[in-house]
Amino acid sequence: MIQAILVFNNHGKPRLVRFYQRFPEEIQQQIVRETFHLVLKRDDNICNFLEGGSLIGGSDYKLIYRHYATLYFVFCVDSSESELGILDLIQVFVETLDKCFENVCELDLIFHMDKKFPALPEGKIQGANARELQMSEVHSAQICRHIFLLDSALLTE
Amino acid sequence: MALKMVKGSIDRMFDKNLQDLVRGIRNHKEDEAKYISQCIDEIKQELKQDNIAVKANAVCKLTYLQMLGYDISWAAFNIIEVMSASKFTFKRIGYLAASQSFHEGTDVIMLTTNQIRKDLSSPSQYDTGVALTGLSCFVTPDLARDLANDIMTLMSHTKPYIRKKAVLIMYKVFLKYPESLRPAFPRLKEKLEDPDPGVQSAAVNVICELARRNPKNYLSLAPLFFKLMTSSTNNWVLIKIIKLFGALTPLEPRLGKKLIEPLTNLIHSTSAMSLLYECVNTVIAVLISLSSGMPNHSASIQLCVQKLRILIEDSDQNLKYLGLLAMSKILKTHPKSVQSHKDLILQCLDDKDESIRLRALDLLYGMVSKKNLMEIVKKLMTHVDKAEGTTYRDELLTKIIDICSQSNYQYITNFEWYISILVELTRLEGTRHGHLIAAQMLDVAIRVKAIRKFAVSQMSALLDSAHLLASSTQRNGICEVLYAAAWICGEFSEHLQEPHHTLEAMLRPKVTTLPGHIQAVYVQNVVKLYANILQQKEQAGEAEGAQAVTQLMVDRLPQFVQSADLEVQERASCILQLVKHIQKLQAKDVPVAEEVSTLFAGELNPVAPKAQKKVPVPEGLDLDAWINEPLSDSESEDERPRAVFHEEEQRRPKHRPSEADEEELARRREARKQEQANNPFYIKSSPSPQKRYQDAPGVEHIPVVQIDLSVPLKVPGLPMSDQYVKLEEERRHRQKLEKDKRRKKRKEKEKKGKRRHSSLPTESDEDIAPAQQVDIVTEEMPENALPSDEDDKDPNDPYRALDIDLDKPLADSEKLPIQKHRNAETSKSPEKDVPVVEKKSKKPKKKEKKHKEKERDKEKKKQKEKKAEDLDFWLSTTPPPAPAPAPAPSTHECEDAKTEAQDEEDNAEGQDQDKKSPKHKKKKHKKEKEERTKGKKKSKKQPLGSEEAEAAGEPVQNGAAEEEPLPPESSYSLLAENSYVKMTCDIRGSLQEDSQVTVAIVLENRSSSILKGMELSVLDSLNARMARPQGSSVHDGVPVPFQLPPGVSNEAQYVFTIQSIVMAQKLKGTLSFIAKNDEGATHEKLDFRLHFSCSSYLTTTPCYSDAFAKLLESGDLSMSSVKVDGIRMSFQNLLAKICFHHHFSVVERVDSCASMYSRSIQGHHVCLLVKKGENSVSVDGKCSDSTLLSNLLEEMKATLAKC
C-alpha cells in the first residue's frame, strides 16, 4: 500500500502532498521536511530506496523516490509493494503529468495544483493503493484517456 | 435574481483565484505568513457569499493552503456545501478538499452520507468516480456501514472505470467496517475474473492486501490465484499474486512445492526485473517454508543466488540494493550458498551508497565463520575509522558486536582478541552505543571464566584512562563503558595486578562528573577492591599498608556522599560509616579482612533474562490463597528431608548449600546431569551452585589448553586487536602441526565435559580449536522453564478485525445494511418484503452459495471439512483428474455432472427422484429439504460413482469457473449503426428509484473523423419519458457529454421513467452529431429504436427457497406457461441464458428442473419453474401481474427458440 505521495522541490517546498493515512497538518509538514532532508543528502547516482524508519509507519515502510530536475517525487510504501514497481509507477506518473501539461515543469505543478490532484486519483491511485496505476504502458494510455475524458467532461459542462 | 447573478460574477472578477494566490505567495517571500493570513481572511469573506462559484474558488485556495500546512478544518462545512454543488467542476473541488482535510474526527462528516449516496448513484460516471475517490480518503466506520451496500452495487457497474474504483474502495470499507467483509467477499472474488484487466488487477490488489494481514483465511483462494498466475500476462498482477503466495506458503508447505516449478519457469523466462525479483523473493519464501526435509531444491537455491548475484553485480544501485536485501533472506536458511559470494558482499561494503553498505552489513552477520571472523571484523574496524556520520558508524558498531556475539559467541576463538576489539571500540567518539559495549564486556567477563584475568587487566587500564573518557565524551554514551570496567575490576579484583593503583584511579575526583548510575557502581566496587586489598595486606602482615588504604577510603569517599544522586549518596554514606568502623577496629589491631571479604563472598552468575518469568507455578500452589501457618523457622535448610532439599536446590540456583553429605550430593548431581543430558528440552543450567563439590570431573577440571603465554597478559596502554590476529594466526599454525594430538585430546574433552562447542560442530571450522576455553557459562534458567510463548498480536492492530473466516457459509444475519426505499408494496405484505431485504447482499448466480445456505445448519461442519479437502486435493502432487463426467444413470445427468452445483444435487436426487413435481415441492418444501440432506448422507455411504463425480468436481469448484463453454455474450444489443458510428445499448432497471430504467448507450466512432456536438433526441411516449435536464423541453435533444476521437468508444447513460411496465414498448430516437475531419465538418444523423422489453424491467434479485415457497403459497399470483421444442442446449446453459437475458436468478435447481425468481422495478414478483424434457423445455410462470407474465413468457420463448 502507498501511504503517502510527496512531491517537493530542491528547496523542500511542497508541491503536492497526498497522505492516505490521516496525519495532522503539522505532522504532515514535519514528515515532508524530514523526508526532504533525508533525500537531499543522497547523490543522484545512489539507490532510490530509503528505509522509512520512524517516519511514517515504522520499519515496514520504505521511501522510494526519484529526482527529476528540480522536483523530488517520493512515495512512501509498505512491504506489499514491489520496489521496482513503484519506481516504474513514479515514471508513469511523471509521464502522465507530462502529457497533461505538455513538457511538465515545476511551474505547472505550482500553478495547476487543482489539475494534478485529479491526475493522481483519477488516473491512478485510489484509496491508498497503488493499484491500477500499476498497469504499465498499456494503461498509461488508458490513464491519459481518463484524463482526456475528464477534460472533455469539463469542457462540455 | 438576474441582477444578483451579474453582481456575483462581477465580484468574482475581483476575487483571487488559485493562480493569483500562488503568484501572490511567491511574490511575498519575506512576509509569507502575513500574506497568507490576509488571504485566509479574504477566503472567509468569500465563503460567506451565496454564489457557489465563489465558494468553490475559495475552497480550492484552501486546499492549496492545506498542502502548505495550514489547518482548514474550520471550513469543513463549506467544503460540504461545495461537494453538493451540481456542477461537476465545483463538486470535484469539494471532494478534493474533503479528501485532503476530512478525517474521523471531523464532526460534520456525517452530513455527507446522503450527498455521497446521491453522487454514487449519479448517472454521470464522473460524479460517481469523484465521490468514490474522495470517500476512499475520509471514509469513517459510520460512512462505511451506511454506504457499503451502495458501493457493492457499484462493483457490478457497467463501466470498468467505476467497477475498478468500487473494488478498490471496498478495501477501505472492510477496514472501517469489518462486518461487511463476509457479505461482500463473494462478489469481490467474482471480480478476480472480470473481463477488464484494470478491474481484475484492482480485485487482486484488494485481496492481496487483505490476505497479507490474515493469510490463513485466504488459503482456499490459492487455486484460483494459481490459475491467474499461470494465465495472466500482466506483470503488475503477477507481482501482486506472487507476493501473496509468498505470504501464503509459510502456512501451507505443499503450496510451496506446487509453486516452485512455475516460479522457476518465470524466473527463466521473464525479462522484467521487477517480476524476476519478486519471483526470486517468493521462491526464497517457499524454500524457507520447506527448509526441513526438502533436499531436492538446491537447484532452486542456486538459481536464486545466481540471479541475485547478477542483480548485485549490476551497475544500477537499485538492483544492487534489492539483490542484497533478498540475499539476506536466503541467508537465514541456506547460509552456505550465500557464503560463496562473500567476495561480492565485502565489495559492497566499500560502496559509496550508505543504504547498500547497510544491507551488506546485514549479510555479513550470516557469513562469518571461525575462520574469517577476525578478518571480517578487522575490515569493519577500518570502516569504523573511516566512516563519517555517526549513524553509519553506530550501525557498524552494533553490527560488529552482533556478529561477534551471535549464537553464544560461536565464532569467537580468541576472547582476548574480542576484549581488545571492545576496548578499541571505546575510542569511538560520539557513539550512542556505549551501553552495548559495556554489556558485552560484562557478558564476556562473566561467562568466559578463562578470560577474566585478561579482562580485568584491560579494564583497569580503561579505568586508568577514565579521565580521558570522562572529560572528552561526557556528552555521549561512551562513558557507559566505565560502568562495566568498574564492575569487572571490583568483582574479579583477585585478578588485579595492582589493585591499589586501580583503587586510586576509581577514587579520583573526576569520577564525580560521571552519571549517577555509574558512580554508584564505582562506589560499590571500590569496596570490593578495598576488601581485596585489605586481605592481601593482612596476609602479608602489612598492618600499616592496610591502614593506609582505609585512610584513603575515608579521605575520598566523602566526595560521593555529597553527590546529588540518591543512589550514590546512600551507598557512599553507608560505606563510609563501614570503613570508619573498620578503621576503629584496625586501630585496635583487630584483623578485619576476613570479615570484610565475606561481604562479597560467592560468585554471581548470569541469569537468563526471562528466567523469572518462566518459573512455573508448582502444582497445588495457589498464589491467592491465604497462608495461615507461617513455616516453622527453627528448621535450617540442611536439616530438611533430602527430597525437599533437592528440589529447593533446583529452583533456587543461587542457594548455597552448606556442608552436607558430599558424596551423596555428587552422586545425585551425576544422576541429574545424566537425565538432563538425555532430556532434549532441558536448558542447560550452570553448575555454579555446587562449586565447592566439583572435585568430580566437572567443568573446572578438564585439561584445558593453557592460554598462550606468548600473549602478554598485560598490555601497556590500550591494546591493539591486530596483534591478536597475528598471534591467532600463529597459534592456528601451531595447532595444525599438533592437529592429531589435539584431536585426541579434544575427543577426550568432549567425552568428559559438556562443552558447548562439542555440541555445535561446524565442519569447516573443525580444525580451529579455540584459544580460550569457551566455557561459556550458560545463563541460568529454572529447571522446568515453560516454553517461550510468543508475544501476542498487537490488540490495536486495525487488520486484526479482518481476521474473518471467509469459507464459512453466509448466515442470514450477515447482510449489509440497506436503506429501504419507501415502497408502498413492501409495507403491505411482510413476506413480500423478504426478497427486498435480501437484495444484493447475496450473489444471484452462485448456486454453490445457495446450497450452503440451505444446508447451513446441518452441513456446516462438513462443508468446512470439504473446503479443506478441496485444498488438499488441489495441493496433492498427483495431477488432478480431468473433470470427466462420472458414470450416471441418465444422459443429461451425465452431462451435468461436471458442474459442482449439480454434483450435490445428484447425490441428493439419487434417492429422491420422484420428488420433482413442483406442487409436491411447494407443499413439502421443508420436509424435502430434510430428506435431501438425509439422502445425501446415504448416498455418501454408497461407494458408487457419485463420490468420484464429486471428487472430480471439486478441483473445478476451487479452480473456479471451468463451466461448460457458453459463448461469451454481451448484454449490449445493437441499436443502430452507420459508417460513422455504432450504437449499442443495455437497459437496466434502476435499483434506486421505482419505475426508472437506465439506458446505457455505447457510442463507437468507426470513422476517421472526430465526432462532436452529439445530441440524442428521443420521442417520449405516454408511458415512457426520458429524464431531461431541468428547463429543457420535450423536443430538445439531450447532449452526449463527450466527444469521440476516431476509433474511440464511450458510454452515456440516460434515465427513463416508465409508467406501466407490463408491456414492452419501443421509442424512436435520433442521434445527431457533427463529424469533423481535415476536409471539414458535416452534420450527420442516425435514427434508432429503443426497445424496452419486459425483461429489461426486471432486476436480478436473489431469493431463498423458503421465501420463494412462501410466495408461491400466498396464492395471489396468476399463472401461465409456455413450451418450446427442439432444444439441444444443456440445461445449465439454458438457465444461464435465462438468467442473463431476462434477469432471473436460480432459486433452486433439482436435476433437470429449476425454480427461478426475479422482481420488477415496480415490485412485481415473478416466479418461474423451468423443466427440461428430452428435446423440449417448458416454463411455468407465476406473477402478480398476468399481462406482465404473458409478455415475459413470450420474450422468453423467443430467446429459447434461438437455442
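Student: Where is Leu111(B)?
Tutor: Leu111(B) sits in the loop between α6 (88-101) and α7 (113-120) of chain B. Helices are DSSP runs (H or I, at least four residues), numbered from the N terminus. This is a predicted model: local features need pLDDT of at least 70, side-chain atom pairs count only at pLDDT 80 or more, and totals for chains, interfaces and linings use all residues. Residues are numbered from 1 along each chain as its sequence is written, and side-chain values use heavy atoms, without hydrogens and water.

Student: Is Leu111(B) buried or partly exposed?
Tutor: Leu111(B) is partly exposed, at 46% relative accessible area. Buried means under 20%, exposed over 50%, and partly exposed in between (1.4 Å probe, protein chains only).

Student: New topic. How many salt bridges are there over all chains?
Tutor: The whole structure has 29. A salt bridge puts a side-chain nitrogen of Lys or Arg within 4 Å of a carboxyl oxygen of Asp or Glu.

Student: What does Arg117(B) form a salt bridge with?
Tutor: Asp150(B), with the closest N and O atoms 3.2 Å apart. Arg117(B) is in helix α7 and Asp150(B) in helix α9 (residues 141-154) of chain B, so the pair ties together parts 33 residues apart in sequence.

Student: Are those two buried or exposed?
Tutor: Arg117(B) is buried at 10% relative accessibility. Asp150(B) is buried too, at 11%.

Student: And which residues are linked in a network with Glu209(B)?
Tutor: Salt bridges link Asp78(A), Glu209(B), Arg212(B) and Arg213(B) in a network. Within it, Arg212(B) and Glu209(B) meet at 3.2 Å, N to O. Glu209(B) is buried, at 2%.

Note on methods
Chains lettered and ligands numbered in written order. Helix = DSSP H or I, 4+ residues; strand = E, 2+ residues; numbered from the N terminus.
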